[in-house]
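Please load the model in your viewer and keep the sequence panel open. The tour goes from one selection to the next and says what is there.

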Amino acid sequence: MLRKAGVVIPELAAIEQEKECGRYEGQASTITLLVQSGQLLSGLEEKEARDLFWTLTARDIYRMLVIERKWSSDRYEKWLSEAIVSALVIQKRV
């Protein structure tokens, strides 16, 4: 709603942008942990990993899959966790 209203009321767009910046910054510790533990996918830069993590966890993806496409919350959670791990984490072969 903030994004749509922000077209008409710039202050609301600024609030939405601030919230997204805060979400991006708040996720930094997760990516830092992957880097420090040597688990970040080879060839993936830290900034790119943060960008991917931020994008995959966007509310729009939840809205599109769960609300619009009628996925269950459980299906969405399983897909999201697999997508994040696949995109960011070294996979150990057994």
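How many aromatic pairs does a search of the whole structure find? The search finds 4 of them. Bear in mind throughout that this is a predicted model.

**Stop 1: Tyr24 and Trp54**

Select Tyr24 and Trp54 and show their rings. The ring centres are 6.1 Å apart and the planes stand at 85 degrees, so this pair is edge-to-face. Tyr24 belongs to helix H2 (residues 10-26) and Trp54 to helix H4, so the pair ties together parts 30 residues apart in sequence. Tyr24 is buried, at 16% relative accessibility, while Trp54 is partly exposed, at 29%.

**Stop 2**

Next select Tyr62 and Tyr76. These two also make an edge-to-face aromatic pair, with 5.1 Å from centre to centre and 90 degrees between the planes. Tyr62 is in helix H5 (residues 59-68) and Tyr76 in helix H6 (residues 73-88), so the pair links distant parts of the chain, 14 residues apart. Is Tyr76 buried or exposed? Tyr76 has a relative accessible area of 8%, which makes it buried, the limit being under 20%. Tyr62, at 32%, counts as partly exposed.

Then show Arg75, whose charged end sits over the ring of Trp71, 3.9 Å from the ring centre.

**Stop 3: Arg50**

Move to Arg50, found in helix H4 (residues 46-56). What is the relative accessible area of Arg50? The value is 16%, so Arg50 is buried. Its side chain makes a polar contact of 3.3 Å with that of Glu25. Setting aside neighbours within four places in sequence, Arg50 touches Tyr24, Glu25, Ala28 and Ile31. Tyr24 is the residue from the first stop, where its ring pairs with Trp54.

**Stop 4: the nonpolar core**

Select Ile31, Leu34, Ala49, Tyr76, Ile84 and Leu88. These are the residues with the most contacts inside the largest nonpolar core, which has 17 residues. At least two residues of this core come from each of helices H3 (28-36), H4, H5 and H6. H6 gives the most, with 5 residues. Now centre on Leu34: beyond its neighbours within four places in sequence, Leu34 is in contact with Gln39, Leu40, Leu88 and Val89.

**Stop 5: salt bridges**

Colour the charged side chains. Side chains of opposite charge can pair when their charged atoms come close. The count here comes to 8 salt bridges.

- Glu16 and Arg59: the closest N and O atoms are 2.8 Å apart. Glu16 lies in helix H2 and Arg59 in helix H5, so this bridge ties together parts that are 43 residues apart in sequence. Glu16 is buried at 8% relative accessibility, whereas Arg59 is partly exposed at 43%.
- Asp51 and Lys47: the N to O distance is 3.1 Å. Both residues lie in helix H4, 4 residues apart, about one turn of the helix. Asp51 is partly exposed at 27%, and Lys47 is exposed at 55%.
- Arg63 and Glu68: the closest N and O atoms are 2.2 Å apart. Arg63 is partly exposed at 32%, and Glu68 is partly exposed at 45%.

To finish, select Glu16, Glu20, Arg23 and Arg59 together. Salt bridges that share partners join these four residues into one network.

Technical notes. Residues are numbered from 1 along each chain as its sequence is written. This is a predicted model: local features need pLDDT of at least 70, side-chain atom pairs count only at pLDDT 80 or more; totals for chains, interfaces and linings use all residues. Side-chain values use heavy atoms; hydrogens and water are left out. Buried means under 20% relative accessible area, exposed over 50%, partly exposed in between (1.4 Å probe, protein chains only). A polar contact is a pair of N or O atoms within 3.5 Å; within protein, one must be able to donate a hydrogen and the other to accept it, and residues adjacent in sequence count only if both atoms are side-chain atoms. Contact means heavy atoms within 4.5 Å. Rings of Phe, Tyr and Trp (its six-membered ring) pair if their centres lie within 6.5 Å; planes under 30 degrees apart count as stacked, over 60 as edge-to-face and the rest as tilted. A charge sits over a ring if NZ of Lys or CZ of Arg is within 6 Å of the ring centre and within 35 degrees of the ring normal. A nonpolar core is a set of buried Ala, Val, Leu, Ile, Met, Phe, Trp, Tyr and Cys residues joined through side-chain atoms within 4.5 Å. A salt bridge is a side-chain nitrogen of Lys or Arg within 4 Å of a carboxyl oxygen of Asp or Glu.
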